[in-house]
Structure formats: C-alpha cells, structure tokens
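Work through the exercises below with the sequence and the model in view. Each task is followed by a solution in steps.

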Amino acid sequence: MRKPLLLLVFLFAVQEMIARESHMYELIGFIENNSEYSYTGTPLPTVKEMSNKAICDQFKMLYPCDIAGYYDYRTDLIVIATTPTGGMIEENFYEVVLIHELVHYLQYHQGYFNVVECKQQLEADAFRLQDEYIDHMGYDPANKNNPLFALMASMCRGDNRGGHGSM
C-alpha cells in the first residue's frame with residue numbers, strides 16, 4: 001500500500017517540475033521574440049522563493065527593502081520574494097519577477113555580464129521586457145516598473161563591476 005502512494009507523490013512532483021520548466025521555456029521564448037537574447041541550451045536555473053526579510057538579510061540591507069527577486073549567476077539560482085514589494089500586487093507577481101530574472105539568466109549565459117560598464121546597465125532590458133510582458137499578457141499594470149526607478153536602477157554609479165548577481 002505504501003509503494004503506490006509514494007509513486008503517486010513522485011508522479012505529482014515530476015508533473016509539477018515539468019510544468020515549471022515548460023513555463024520557463026515559454027517565458028524565455030517571449031524574451032527571445034522581443035530582444036536580441038537567445039537561449040543557448042544551458043540548463044535552466046534553479047528557482048526558489050525566499051521571504052523578503054531573508055533577501056534583505058542576504059544583501060545586508062535594512063528590512064523592509066525593495067528586492068522582488070534576483071539572479072545569482074555564480075550558482076545559477078533565481079530567488080523570488082514570497083510577497084510583493086513596493087507598489088507591486090500579488091496577482092502574477094511571481095511570473096513577472098521570474099521573467100525579469102530570466103532576462104538576467106540569458107544575459108549572463110550570452111556574455112553580456114562581461115561587456116557592460118556596470119551590472120546595473122543589465123537592468124534596463126530586464127525592466128523593459130518585464131513591462132512588455134505585462135502588456136502582452138494583459139496583466140495589471142501595477143506590477144510594471146516605475147519609469148524613474150527603472151532609469152535610476154539602470155545607471156552606473158562608480159566602480160560597480162563586483163557583486164554576485166542582478167536584481
């Protein structure tokens with residue numbers, strides 16, 4: 001009796017994993033169709049959720065901070081906050097942040113991290129594609145980026161070539 005139950009749990013887990021990967025490929029397809037980025041066949045990044053406080057702690061920022069997610073190229077990990085930040089809303093939050101971070105994943109695997117003046121410049125395309133995706137899907141524009149914030153977050157400030165990821 002125990003083996004069939006374990007098999008059923010395993011099958012549900014595999015089905016969930018396939019659905020998540022399939023969704024990531026769909027988002028990557030949108031990015032490819034709306035930018036110069038292309039998928040190189042590298043393994044998909046791991047995606048996990050973290051509390052907003054844990055994300056703030058990781059970046060040694062005072063809580064509450066306004067980090068909805070980040071891509072760590074050293075570990076090929078995308079982290080998404082468990083609750084919306086700033087003016088964002090819950091509906092489609094996860095997906096909107098995921099597409100933003102998948103832009104950084106593609107940027108890294110295509111060498112863009114090595115040709116920009118600073119890592120913040122990578123944000124411009126991620127913000128643009130995030131907003132275009134929201135429009136394309138007809139999602140609530142509350143999850144769009146504030147244009148002034150997007151501009152400021154995409155600007156270089158001094159020597160910023162270090163760091164371990166993109167937000």
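**Exercise 1.** Determine the handedness of the crossing of helix 3 and helix 4, then describe how the two are arranged and which residues make the contact.

Solution. 
- Step 1. The crossing of helix 3 and helix 4 is right-handed. The model is a predicted one.
- Step 2. On the side of helix 3, the contact is made by Glu95, Val96, Ile99, His100, Val103, His104 and Gln107. Helix 4 contributes Leu122, Glu123, Asp125, Ala126, Phe127, Leu129, Gln130, Tyr133 and Ile134.
- Step 3. Sorted by class, the residues of this contact are nine nonpolar, four polar and three charged.
- Step 4. The axes of helix 3 and helix 4, the latter spanning residues 122-137, come within 9 Å and cross at roughly 140 degrees.
- Step 5. Angles over 145 degrees count as roughly antiparallel and 65 to 115 as roughly perpendicular. Helix 3 and helix 4 are therefore oblique to each other.

**Exercise 2.** Describe the second largest pocket: its volume, its lining and the elements that supply the lining.

Solution. 
- Step 1. The volume of the second largest pocket is about 210 Å³.
- Step 2. Its lining consists of Met17, Ala19, Arg20, Glu21, His23, Met24, Leu44, Pro45, Thr46, Val47, Tyr94 and Leu98.
- Step 3. At least two lining residues come from each of helix 1 (2-33), strand 1 (46-50) and helix 3 (93-109).
- Step 4. Helix 1 gives the most, with six residues.
- Step 5. By class, eight of the lining residues are nonpolar, two are polar and two are charged.

How values were computed
Residues are numbered from 1 along each chain as its sequence is written. This is a predicted model: local features need pLDDT of at least 70, side-chain atom pairs count only at pLDDT 80 or more; totals for chains, interfaces and linings use all residues. Side-chain values use heavy atoms; hydrogens and water are left out. On a 1 Å grid over the protein atoms alone, a cavity is a set of points where a 1.4 Å probe fits but cannot get out, and a pocket is an open set with protein on both sides within 12 Å along at least five of seven lines; lining residues have an atom within 4 Å of a point. Grid points are joined across faces, edges and corners, and a volume is the space filled by probe spheres set on the points. Helices (H or I, at least four residues) and strands (E, at least two) are DSSP runs, numbered from the N terminus. Ala, Val, Leu, Ile, Met, Phe, Trp, Tyr, Cys and Pro count as nonpolar, Asp, Glu, Lys and Arg as charged, and the others, Gly among them, as polar. Axes are lines fitted to C-alpha atoms, for helices over the stretch in contact, and angles run from 0 to 180 degrees between N-to-C directions. Angles under 35 degrees count as roughly parallel, over 145 as roughly antiparallel, 65 to 115 as roughly perpendicular and the rest as oblique. A crossing is left-handed if the near helix is turned anticlockwise from the far one by less than a right angle, and right-handed if clockwise. Contact means heavy atoms within 4.5 Å.
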